[in-house]
Amino acid sequence: MTSILDNLNTNSSSSQRIRSFVRREGRMTSAQQRALTEHWKRFGIETGAVLLDLEKLFGRRAPCVLEIGFGDGESLAAIAATHLDLNYLGIEVHRPGIGHLLLRVAELQLTNLRIMCADATEVLEKQLPDECLERIQIFFPDPWPKMRHRKRRFIQPQQVSLLIRKLKPLGQLHIATDCEDYALSMLDIFNANPDLVNNMIGNGFAPRPTWRLMTKFEQRGLRLGHTIRDLLFTRCSPY
Ligand SMILES: C[S@@+](CC[C@H](N)C(=O)[O-])C[C@H]1O[C@@H](n2cnc3c(N)ncnc32)[C@H](O)[C@@H]1O
């Protein structure tokens with residue numbers, strides 16, 4: 001098992017993988033550091049090779065939503081606070097963001113949110129059972145706009161089948177981005193996948209769902225004059 005203090009060890013066997021993130025520790029405030037010390041035990045899930053038992057981890061059976069790359073977690077905490085009937089699992093690699101979210105979870109006394117400090121691809125591959133998620137949401141994934149960096153984008157055709165496998169039949173995949181080129185490439189990848197159906201007639205982008213709250217990166221995108229795109233797809237039912 002790997003603890004939050006030493007995870008994302010670059011000596012691990014999967015260190016050859018092209019990562020969708022650059023580990024930048026940034027400044028951790030003393031409140032965030034304290035939140036890690038005080039609340040990680042309660043809300044954090046350690047990484048490793050063990051398949052997760054979501055029912056046991058949340059202490060109840062409820063549909064589970066996975067958010068990948070929650071940043072500072074403000075919007076994830078607010079969404080979880082207004083949908084107490086759902087369980088939320090957030091995965092992020094940026095520890096100050098995790099500290100920030102832990103503070104919010106404790107303040108709001110949320111019982112339906114758990115956090116992992118890990119590369120989401122590894123969690124999907126090794127720790128999440130197939131067909132366990134009601135929805136996967138990824139808001140403003142790192143755009144990697146330079147051509148030579150595009151291989152780092154989280155959404156790649158081979159990654160999509162992994163995401164789909166973790167969704168329940170009729171589960172939802174929801175992505176928002178302010179990077180037009182990334183949005184178009186994801187639209188093509190998802191529309192071409194026989195296991196996904198675009199929720200929009202005409203196979204285009206979706207209107208912004210009312211429950212999706214403004215994130216820090218969305219605000220930045222809007223300030224820069226970018227168009228925000230939502231992509232909403234459903235996993236086909238094999239039954
Ligand atoms: C552009 S930021 C967006 C943050 C937040 N969703 C928002 O909209 O403000 C992308 C985030 O995804 C995280 N990230 C990128 N690749 C990841 C991965 N493979 N696993 C977990 N988190 C990842 C980064 O650390 C970063 O915080």
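This is a predicted model: local features need pLDDT of at least 70, side-chain atom pairs count only at pLDDT 80 or more; totals for chains, interfaces and linings use all residues.

**Reading contacts, burial and backbone**

Me: Now the ligand. Which residues come nearest to the ligand?

Reply: Start with the shell, then pick out the polar pairs. There are 19 residues around the ligand, and Ser20, Gly69, Glu92, Phe139 and Thr215 come nearest. By class, the shell divides into 10 nonpolar, 4 polar and 5 charged residues.

Me: Which residues place a polar atom 2.7 Å, 3.0 Å or 2.9 Å from a nitrogen atom of the ligand?

Reply: Ser20 has a polar side-chain atom 2.7 Å from a ligand nitrogen. For Asp119, an N or O atom in the side chain is 3.0 Å from a nitrogen atom of the ligand. Ala120 takes part through its backbone, with an N or O atom 2.9 Å from a nitrogen of the ligand. As for cover, the ligand on its own has 600 Å² of accessible area, and the protein covers 96% of that.

Me: In which pocket does the ligand sit, and which elements give two or more residues to the shell?

Reply: The ligand sits in the largest pocket. Strand 3 (87–92) and helix 8 (216–223) are the elements that give two or more residues to the shell around the ligand.

Me: With which side chain does Arg19 make a polar contact?

Reply: A ligand-contacting residue can also be followed into the protein. The Arg19 side chain makes a polar contact with that of Asp119, at 2.8 Å. Asp119 also has the side-chain atom 3.0 Å from a ligand nitrogen. Arg19 itself is in the segment before helix 1, and Arg19 counts as buried because its relative accessible area is 13%, with the cut-off at under 20%.

Me: What about the backbone? Which residues have a positive phi although they are not glycines?

Reply: Read phi first, then location and accessibility. Gln109 has a positive phi of about 50° without being a glycine. Gln109 is in the loop between helix 4 (95–108) and strand 4 (113–117), and its relative accessibility of 67% is why it counts as exposed. Asn203 is also not a glycine and has a positive phi of about 60°. Asn203 is placed in the loop between strand 7 (196–198) and helix 8; at 41% relative accessibility, Asn203 counts as partly exposed.

Me: How should I compare separation along the chain with distance in space? How far apart are the C-alpha atoms of Ala31 and Gly99?

Reply: Ala31 and Gly99 are 68 residues apart along the chain, and their C-alpha atoms are separated by 7.8 Å. Ala31 is in helix 1 (residues 30–43) and counts as partly exposed, with 23% relative accessibility. For Gln109 and Val93, the separation is 16 residues in sequence and 23 Å from C-alpha to C-alpha.

Me: How far apart in space are Thr177 and Leu51, and Asn199 and Arg104?

Reply: Thr177 is in strand 6 (residues 167–177) and is buried at 0% relative accessibility. Asn199 and Arg104 are 32 Å apart, C-alpha to C-alpha, and 95 residues apart in sequence. Asn199 lies in the loop between strand 7 and helix 8; its relative accessible area of 35% makes Asn199 partly exposed.

Notes:
Residues are numbered from 1 along each chain as its sequence is written. Side-chain values use heavy atoms; hydrogens and water are left out. A residue is near a molecule or strand if one of its heavy atoms lies within 4 Å of it. A polar contact is a pair of N or O atoms within 3.5 Å; within protein, one must be able to donate a hydrogen and the other to accept it, and residues adjacent in sequence count only if both atoms are side-chain atoms. Accessible areas come from the Shrake-Rupley method with a 1.4 Å probe; for residues, only the protein chains shown count as cover. On a 1 Å grid over the protein atoms alone, a cavity is a set of points where a 1.4 Å probe fits but cannot get out, and a pocket is an open set with protein on both sides within 12 Å along at least five of seven lines; lining residues have an atom within 4 Å of a point. A molecule sits in a cavity or pocket if more than half of its atoms lie within 2 Å of its grid points. Helices (H or I, at least four residues) and strands (E, at least two) are DSSP runs, numbered from the N terminus. Ala, Val, Leu, Ile, Met, Phe, Trp, Tyr, Cys and Pro count as nonpolar, Asp, Glu, Lys and Arg as charged, and the others, Gly among them, as polar. Buried means under 20% relative accessible area, exposed over 50%, partly exposed in between (1.4 Å probe, protein chains only).
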